[in-house]
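Subject: Handover of a structure

Dear colleague,

Please find below the structure that I am handing over to you. I would ask you to look through it first and then to read the notes that follow.

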Amino acid sequence: MNIARCFAVGFGRVWRAPALPGWVFLASLAVSLPLTAAMREILRSSFGTSLVQENMRRGFDVDWYGEFSRTAGGLASTFGPSVVGMMPIAANLERTLDGQLFAVDWTVLAAGIAFLLAWAFLAGGIILRLTQAGRARTRGGFFSACGEYFFRFVRLLALSMAIYWALFRWISGPLHRWVERGTRDVTVEFTAMTWTMGVYAVVGLLLVIAGLSFDYAKIAMVLEERRSALLAFVRGLRFFLSHPGRTLGLYGMFLIVGALIKGLFILSDPGVGQAGNAALILAFLVGQCYVLLCIFLKLWSLASQALLFQAAASGPEAAAMAREAPPSSSEVAA
Amino acid sequence: MNPAGTRPTALFAFLSLAFTAAGSAAQEPERLSARNANYTIEVRLDAKLKTLEGREVVEWRNDTEVPARELWFHLYWNAWKNDRSTWMREAALRGRGRRGEDIRDEDWSYCRIGSIKVLPAGGFTGAELTESLRFVSPDDGNPDDRTVAVVPLLQPVGPHETVQVEIGWQSKIPRTFSRTGFRGNFFFVAQWFPKLGVYQPDGNWNCHQFHAGTEFFSDYGVYDVKMTVPRGWILGATGLPIEVADNPDGTATHHYRQADVHDFAWTTSPDYLEAVKVFEHPGLKPVRMRLLYQPEHRGQEARHFAATEAALRCYGTWFGEYPYGHITIVDPAWGSGAGGMEYPTLFTCGTRYFNPAGGGSPEGVTVHEAGHQFWYAMVGNNEFEHAWLDEGLNTFSTERAMEATFGESSLVRRFFRGYFPVMVRDIRLHRMTTENGLDAYRPAARSDVQATPSFRYYPATGGALSYNKTALWLSMMEKSLGWDTLQKILSTFFRRWKFRHPAPDDFFAVAREVSGADLDRFFDEVYYKAAVFDYAVESVSSEEVRLRGYTDEKGEPVLARDGREGGKRFRSRVVVRRLQDGSLPVEVLLKFENGEELRELWDGLGLWKIYEVERPARLAYAVVDPERKILLDIDYTNNSRLVNPRPGFALSKWASKWMFWLQDYLNALAFLM
């Protein structure tokens, strides 16, 4: 099975199992809503009785924000202009590439860990559902699979954290410092920028390789019933190393789709000016569509990678199995 | 303007020199300043060793009535001789700038006087003084500081006498500290020569050590400077070129001259591109603008010129004419740390490879540094002691010129180590608050009294006090007195004090005189105290008036039935408070639901005041300082209060946007899973 077919079939599998992205989206909402309510209260206590609320209704009051940010701590410190437009995407991408995803307020970090655990819980059922549909077709079967693989994925999650930490500690940081030293006498910003972007590219590639290895490790855990997170990671890494072109090629296709989704969001970005309910709801829905599409993309990539794994790991028979049509959406209870 | 942006051709060089000759000939007869400190300097740059070898003749006239028995010199580059200098110690205290571990051996600098002698001229006998040179530390007594040198004179310089002193010196150029130095083959050379302090009428030299948080002070004069640099390198300097002569050793000597300035800076690099444009505006003298810019900033020439023109036009029409007829705009090399600094007839700005239009950069820094030609270069206050007089006036003027020319800037955040900007067009920065630096002032509000000599400010708060606080209280004056009055104050101050050395009281005197207002309390609060302003509406209420008990009906006491007398009436109560010690008269606005407004002036002396009124409509909200005249108020959110707040929409809007950020963050995290 070539990667284009994996790409296409993977899409079909997720498309026909809409409950899967739905569960992840629900997890995202479940984690986000309590904190959003808390943030709403923080904002209420700041400008709830003031005329500033009128400015904030029409747009963003930078003068108010100057006062707010001066005293904001904890969760409040995460609010600012960086929640507007494409800034969240740029800020979070920067955090990812700089290894700063955990350098946030502890409440947000706790929410993040909760979300990761939710992912770890759902991943088993999702992969099983996308690969061996028979075992997780019903809601009970789906959650049974989720529970069955949960602790394995938690161990894998812990291993991934350690590996990402090491990557930033021993590769990203030293590389950036090396560039800083190397460009000490450089007087052309473009040169320094090129070197820095080169480091980001290297770090990004390593992140992708690590991410791919963990994706295939998850798939191997389910399909090969592996219990050891370390051995599963080694299996995932070996799979990547033995099929670098196909795995990276497939990943590249998702990268393009991801870039298109981000581009679409940026183009449809409603900005800060919504002053009516309809505009506000539309802006909210645009954001939620983006979130849902990102989740869909993640599952789509898992489905396609699983197909590739099955096809490459088991030869023509497995490929033939993989070509079997998945159940129709009416059969999907999960 | 040279649209191709190439290096100067022979024709351009010829035109430049022709312009120069005409310019210098024209400016010399008109004496704009006292010209009592004149420098003739020859200096040679060794671009490989990063050294300067120089010789200067200082011609100094004692303009006081007290004989001078010593000469005091600044040797600024000794501030980076080692880590024991006052500058380095203060920089460490400030927690800013380059830290010890970032500094390599090649980065340090020095300025060593090899010889100093009085020349036999003007009634003075020639005398060798090198051996008697000593270092002093008048500000902090730091025995390791070498930024001020004193040489006793064998023959005092009497009132209105002129002495000529010849100095030979060698310098090691620093890797840029405080906007002067080198990076690669880029050199920005400022505060680079032994320079006299300012002799005061009380018989003392005003010659401060170099401090990390403040700048400079010196007398006006004529600078005639020959700089020898590698042949083919582009050079820009204070003043105008007289000639460029090629030397047999592969170098070229650039001869520049400028009268009526108090400093001289220059820059050279083989990489500069050059563009020229003439500024013209009715009623103002044309100015030849020369832009030295980095090749990677090709395409941004027009933005630099537009910003410089904005400064020349706005400042020129508001305060007074720029008299020199030429100005050099320097776009420094990336990472050089030389950007955003002013020198007479030359300034550095600074831009980036990606710089979205509308984000205020490089326009803001360009207008600011060009504006320093007025506040600093022409009105030559003592920056060591009263930095606010130039930085504050200039920050205020910059933001006003920016708004008048380019409108409000949009918010820009830079990502990926600053290389990629993201601009949110619909988040605008307001001149009088954000752009004047209210956010920077707020945490420093209590840090020090503005009247304190600037070099003694609490570490790292000089910027907030000198730049931002002044700009904010000048904006308060603009709101209270009106722009016309403030403009007259500033133009009168400019006219009276250009090419002289004003002190704070000179500004206050002009402000009082021109405005005709009693500004004592104002200046007392904003300048002579570290007063913090925070007015607030503590509570609001509005209830229908209902009478309980008896009322008179046809002369008889009758129990009130529905509690109403006549039509509906509402009693509204507003409590306003002064939460901090800063106190100025302030207006209180009560706005009723029927659109009626009630404005009251509160003297702001007490800690609180209660307003209780009866009106036919309910109170909608109350605001203390509705026009936001007290821009130093550190919390304006609490200045207003609604009787029936309905913030639901705004809260939902911003909470949902924050939620999107959080969900995107969660998705980014999931990448790791």
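Of the 673 residues in chain B, 49% are buried. Please keep in mind throughout that the model is a predicted one. Chain B contains 12 helices and 34 strands, and its C-alpha trace spans about 115 × 70 × 55 Å along the principal axes. Among the contacts in chain B with a separation of 6 or more, 70% are between residues 24 or more positions apart.

Domains of chain B

The domain assignment divides chain B into domain 1 (1-270), domain 2 (274-531) and domain 3 (535-550 + 562-650). Between the C-alpha centres of domain 1 and domain 2 of chain B the distance is 25 Å. At their interface, 48 residues of domain 1 of chain B are in contact with 41 residues of domain 2 of chain B. Several elements of chain B each supply at least two residues of the domain 1 side, including helix 1 (10-27), helix 2 (86-94) and strand 17. By class, this side of domain 1 of chain B has 17 nonpolar, 21 polar and 10 charged residues.

Strands within chain B

Of its 10 residues, 7 are buried, so strand 14 of chain B is largely enclosed by the rest of the structure. Which strands pair with strand 14 of chain B? Strand 1 (residues 37-46) of chain B runs parallel to strand 14 of chain B, and 6 bridges join them. Within this pair, Glu42(B) stands opposite Lys226(B). Strand 17 (residues 251-261) of chain B pairs with strand 14 of chain B in the antiparallel sense, over 10 bridges. Here the bridge partner of Tyr223(B) is Gln258(B).

Another group of 4 strands in chain B forms an open sheet with antiparallel pairing, in the order 6-7-3-11. Strand 6 (134-135) and strand 11 (195-196) of chain B stand at the edges; each has a single partner strand, so one side of each is left without a neighbour in the sheet. The partner of strand 6 of chain B is strand 7 (residues 148-157) of chain B, joined to it by 2 bridges in the antiparallel sense. In this pair, Arg134(B) stands opposite Val150(B).

Where the two chains meet

How many residues of chain B are in contact with chain A? The count is 65 residues of chain B, in contact with 76 residues of chain A. Elements that each supply at least two residues of the chain B side include strand 25 (420-428), helix 7 (438-444) and helix 12 (648-670) of chain B. Helix 12 of chain B gives the most to this side, with 22 residues. By class, the chain B side has 38 nonpolar, 13 polar and 14 charged residues.

A helix in chain A

Helix 9 (residues 229-242) of chain A has 14 residues, which at 1.5 Å a residue should span 20 Å; the end C-alpha atoms are 20 Å apart, which agrees. The buried residues of helix 9 of chain A are Ala229(A), Ala232(A), Phe233(A), Arg235(A), Gly236(A), Phe239(A) and Phe240(A).

Yours sincerely

Terms used
Residues are numbered from 1 along each chain as its sequence is written. Chains are lettered from A and ligands numbered from 1 in the order in which they are written. This is a predicted model: local features need pLDDT of at least 70, side-chain atom pairs count only at pLDDT 80 or more; totals for chains, interfaces and linings use all residues. Two residues are in contact if their C-beta atoms, placed from the backbone, lie within 7 Å. Ala, Val, Leu, Ile, Met, Phe, Trp, Tyr, Cys and Pro count as nonpolar, Asp, Glu, Lys and Arg as charged, and the others, Gly among them, as polar. A residue is buried if 20 or more other C-beta atoms lie within 10 Å of its own, exposed if 12 or fewer, and partly exposed in between; C-beta atoms are placed from the backbone. Two strands pair if DSSP finds at least two bridges between them. The expected span of a helix is 1.5 Å times one less than its number of residues. Domain bounds come from an automatic or database domain assignment.
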